[in-house]
Amino acid sequence: MLTARGLRAGYDESMVLHDVDFCIEPGKVTGILGRNGVGKSTFLKSIIGLVPLRNGCLSWEGENITKRKPDKRARLGIGYVPQGREIFSSLTVEENLLLGLEVLKGKKRKQSIPKEIFEWFPVLKEMLHRKGGDLSGGQQQQLAIARAMIGNPKILLLDEPMEGIQPSIVQLIQEVIGIIAKEKGIGVVLVEHNVDLALECSDYIYVMDRGTMVAEGKVSEVKFEDIEQFLVV
């Protein structure tokens, strides 16, 4: 379980997150909703450690990790797929996937790509020796998620994974997110601008506005009219 209390974070002198509290549970998909520019991506980056925290406490399974560096957080089991995917375009699909093993140490280190990766994303097996830059946007997104999953994360942070992707691939990614959470017991944090899609995927949601969480609740209990003011431009 990952919990935070009073997180404040930003860039240089500009503060983006203000006293953010949240809790991410294993086996659940937690959606983060909000308009563009309210701090959703910064929120994910603060969890993985790419944006330093100014105040507050971030706890992982009861341990304070507020001052841990990004690579240390990754080795603890926090996986991250940024907006824009950030795959290595000059490397093959296989080489990109094998990089996901770098977060594993010792006996946990695999020697090959797990078969389940290709069960989730069959196209990656077909394109194993193609350069990452030759893949379509949807194929690159599948590669980015697969690479994060190879590291055996306990929590997976996804920053708008369905953005600009064709409907058939969106459906596939939705299905895989469900499998990752329900069958693998991984806590998934989904930042998504499509409200309907986010509500369909998530078990619990937080609504963000101006760098703070302004509403939260189980998807089954949340009424759209109660959060509409924070989502409609």
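Visitor: Which residues does Leu 17 touch, and what makes a pair a contact?
Guide: A contact needs heavy atoms within 4.5 Å. Residues up to four places away in sequence are not counted. Leu 17 then touches Leu 7, Arg 8, Ala 9, Gly 39, Thr 42, Phe 43, Ser 46, Met 208 and Gly 211. This is a predicted model, where local features need pLDDT of at least 70 and side-chain atom pairs count only at pLDDT 80 or more, while totals for chains, interfaces and linings use all residues. Residues are numbered from 1 along each chain as its sequence is written, and side-chain values use heavy atoms, with hydrogens and water left out.

Visitor: Why is Leu 17 called buried?
Guide: Buried means under 20% relative accessible area, exposed means over 50%, and partly exposed lies in between (1.4 Å probe, protein chains only). Leu 17 has 0% relative accessibility, so it counts as buried.

Visitor: Where does Leu 17 sit, and what separates it from Ala 146?
Guide: Leu 17 is in strand S2, residues 14-24. Strands are DSSP runs of E with at least two residues; helices are runs of H or I with at least four; both are numbered from the N terminus. Ala 146 is 129 residues away along the chain, and the two C-alpha atoms are separated by 29 Å.

Visitor: What makes helix H1 mostly covered?
Guide: Helix H1 spans residues 40-48, and seven of its nine residues are buried. They are Lys 40, Thr 42, Phe 43, Leu 44, Ser 46, Ile 47 and Ile 48. Just after H1, Gly 49 takes a positive phi of about 100°.

Visitor: Is Gln 142 buried or exposed, and how do you know?
Guide: Its relative accessible area is 2%, so Gln 142 is buried. Gln 142 lies in helix H6, residues 137-150. Beyond four places in sequence, Gln 142 touches Phe 121, Val 123, Leu 124, Ile 169 and Leu 172.

Visitor: Why is Thr 92 called buried?
Guide: Thr 92 has a relative accessible area of 12%, so the term applies. Thr 92 lies in the loop between strand S6 (78-81) and helix H3 (93-99). Neighbours within four places aside, Thr 92 is in contact with Leu 128, His 129, Arg 130, Lys 131 and Gly 132.

Visitor: Why is Glu 63 called partly exposed?
Guide: The relative accessible area of Glu 63 is 33%, so it falls in the middle class. Glu 63 is in strand S5, residues 63-64. Leaving out residues up to four places away, Glu 63 touches Leu 58 and Arg 68. Glu 63 and Leu 2 are 61 residues apart in sequence and 9.3 Å apart, C-alpha to C-alpha.

Visitor: How do you know that the radius of gyration agrees with a compact globule?
Guide: The radius is taken over C-alpha atoms, and the globule rule is 2.2 Å times the number of residues to the power 0.38. For 233 residues the rule gives a value near 17 Å, and the protein has 17 Å, so the two agree. The C-alpha atoms fill a box of roughly 45 × 40 × 35 Å along the principal axes. Of the 233 residues, 51% count as buried.

Visitor: What is the confidence of the model, and where is it lowest?
Guide: The score is pLDDT, the predictor's confidence in each residue, from 0 to 100. The mean is 90, and 97% of residues reach 70 or more. Confidence is lowest in helix H9 (residues 224-227), at a mean of 83, and highest in strand S8 (residues 187-191), at 96.
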